Amino acid sequence: MLLTLIAFVVALGLLIAIHEWGHYRMAVACGVKVLRFSVGFGKTIARFKPKYQRPGQDTEFVIGMLPLGGYVKMLDEREAPVDESERHLAFNTQPLKSRALIVAAGPAANLVLAVLLYALVNWIGVDEPRAILSPPVAGSLAAKAGLQGGDVVRRAAPAGDELEPVASFDSLRWMLTRGALDGQDLLIEVARADGRSREVMLPLSSLTSRDPDARLFRAIGIVAPLSRPVLGDVVAGGAAARAGLRQGDVVQRMGDTAIVDGQQLRELIRASGQSGRAAAAEWQVERAGRLLSLTVQPDVQHDKGQPVGRIGAYVGAMPEMVTVRQGPLDGLWSGAVRVWEVSTLSLKLLGRMLMGELSLKNLSGPIAIADYAGKSASQGLTYYLAFLAFISVSLGVLNLLPVPVLDGGHLMYYLWEAVTGRPVSGVWLERLQYVGMSVLLAMMAIAMVNDIAGRLG
């Protein structure tokens with residue numbers, strides 16, 4: 001809990017500070033006087049003024065108690081009277097180009113930070129599962145295409161593009177996500193156990209559901225990398241414990257089915273409860289070099305309203321890992337490409353949610369973000385840096401949306417001013433502010449409901 005709280009506060013504080021720093025630095029560069037730079041709201045817990053600042057600047061830097069936002073307060077005649085001697089330093093007296101640059105600099109700073117964070121992850125390197133497939137889900141696209149457990153994915157690309165190397169299972173999953181959400185088929189090249197290569201087309205465009213959740217990957221059929229079907233922790237009183245199964249047992253057979261992979265075993269256990277009552281089956285397991293036969297009857301539980309089998313044990317060993325690392329230029333370029341891909345994908349998802357083509361359940365709020373922050377921090381530095389990069393992209397993209405009260409809303413006003421030659425009237429500004437606040441509050445409410453539902457479910 002403490003790690004989650006610290007990781008969440010550090011993430012918010014850093015990303016908000018970078019966002020506001022973008023506004024601040026551009027304002028100073030454009031000759032605007034900045035009165036206050038604040039990270040956080042509420043009661044002030046720290047404040048200071050640098051001894052040396054640019055001529056015309058007298059900025060107070062503040063840290064607020066609530067790290068849920070920040071602001072850069074600039075000299076502006078619309079907020080308070082401005083002395084005639086300083087009128088040239090006021091934000092509202094600046095040329096349209098300067099005002100637009102100052103507003104756009106905040107989101108731009110978040111996107112640049114994300115590029116650097118992704119690049120840093122690429123330079124440090126991260127251990128990821130090797131792209132070796134577990135047996136595909138029965139009836140899925142992968143199963144119908146002829147993919148098999150143990151296939152090693154070497155290269156992949158959207159249909160019509162040149163095949164590119166697949167560094168890890170996570171890279172393959174990202175390609176599958178993009179292809180499924182874009183409705184674009186994916187061509188993959190796999191190496192079989194006998195060394196032969198084969199190209200397989202996955203018709204992702206035929207998917208009926210495109211919500212980026214577990215059901216999507218079950219429909220595709222590529223759920224997890226290959227792993228040994230070994231049992232981990234066994235819950236006391238669960239079906240596994242009652243049957244005499246122990247941690248370290250390697251499952252060879254479940255009934256008449258030969259078991260070769262942990263994901264395959266999880267699928268069979270899950271499917272055993274679909275009828276509402278799981279039948280007992282004879283399991284063959286290897287324990288300390290001996291083969292044992294045990295009768296196992298999974299318990300039936302409900303997952304999102306559907307009956308599924310459970311045995312009360314962790315199933316599957318860690319998959320084979322590979323270290324993914326890149327050089328200075330390749331790592332930086334890959335970071336920029338990833339930011340572009342995440343940005344465009346985020347906009348597509350938001351657009352589909354607005355059109356009603358995608359469930360609003362995909363909106364996440366602070367509870368989910370805090371949970372992700374804690375989990376990524378517990379996994380190691382590179383995972384936390386990747387989490388920060390993703391949230392930084394999301395913050396940058398969100399602020400560029402043409403919603404009043406956001407940076408994108410102000411840029412929308414400036415576009416109107418550039419086209420018509422006159423600023424948006426005060427009456428319309430006030431009306432649009434109410435609209436923008438209503439939209440943001442609605443989004444926050446939906447995200448919070450989703451977070452709470454996710455915790456309860």
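Author: In this predicted model, the part to begin with is an open sheet of 4 strands, which are arranged in the order E5-E4-E6-E7 and pair in the antiparallel sense. Its edges are formed by strand E5, residues 164-165, and strand E7, residues 197-202, each of which pairs on one side only. Strand E4, which covers residues 152-158, is joined to strand E6, residues 186-191, by antiparallel pairing that runs over 6 bridges. Within that pairing one can pick out Ala157, whose bridge partner in E6 is Leu187. Helix H4, made up of residues 169-182, packs on this sheet and touches E4, E5, E6 and E7, while its direction makes an angle of about 155 degrees with that of E6.

Helix H2, residues 96-124, and helix H11, residues 407-420, have axes that come within 9 Å and cross at roughly 160 degrees. Because angles over 145 degrees count as roughly antiparallel, H2 is roughly antiparallel to H11. The crossing of these two helices, H2 and H11, is left-handed. On the side of H2 the contact is made by Leu96, Arg99, Ala100, Val103, Ala104 and Pro107, and on the side of H11 by Asp407, His410, Leu411, Tyr414, Glu417 and Ala418. Sorted by class, the residues in the contact of H2 with H11 are 8 nonpolar, 1 polar and 3 charged.

The loop between strand E2, residues 60-74, and H2 holds a residue that also deserves attention, Asp76. With a relative accessible area of 6%, Asp76 is buried, since the term applies to values under 20%. When residues up to four places away in sequence are left out of the count, Asp76 touches Val82, Ala90, Phe91 and Asn92.

Of the 457 residues in the protein chain, 42% are buried, and Asp76 is itself a buried residue. Among the contacts in the protein chain with a separation of 6 or more, 66% are accounted for by residues 24 or more positions apart.

Definitions and conventions. Residues numbered from 1 in each chain as written. Predicted model: local features only at pLDDT ≥ 70, side-chain atom pairs only at ≥ 80, totals over all residues. Heavy atoms only, no water. Pairing = 2+ DSSP bridges. Contact = heavy atoms within 4.5 Å. Axes fitted to C-alpha atoms, helices over the stretch in contact; angles between N-to-C directions. Parallel < 35°, antiparallel > 145°, perpendicular 65-115°, else oblique. Left-handed = near helix turned anticlockwise from the far one by under 90°. Nonpolar A, V, L, I, M, F, W, Y, C, P; charged D, E, K, R; others polar. Buried < 20%, exposed > 50% of the residue type's maximum accessible area, 1.4 Å probe, protein only.
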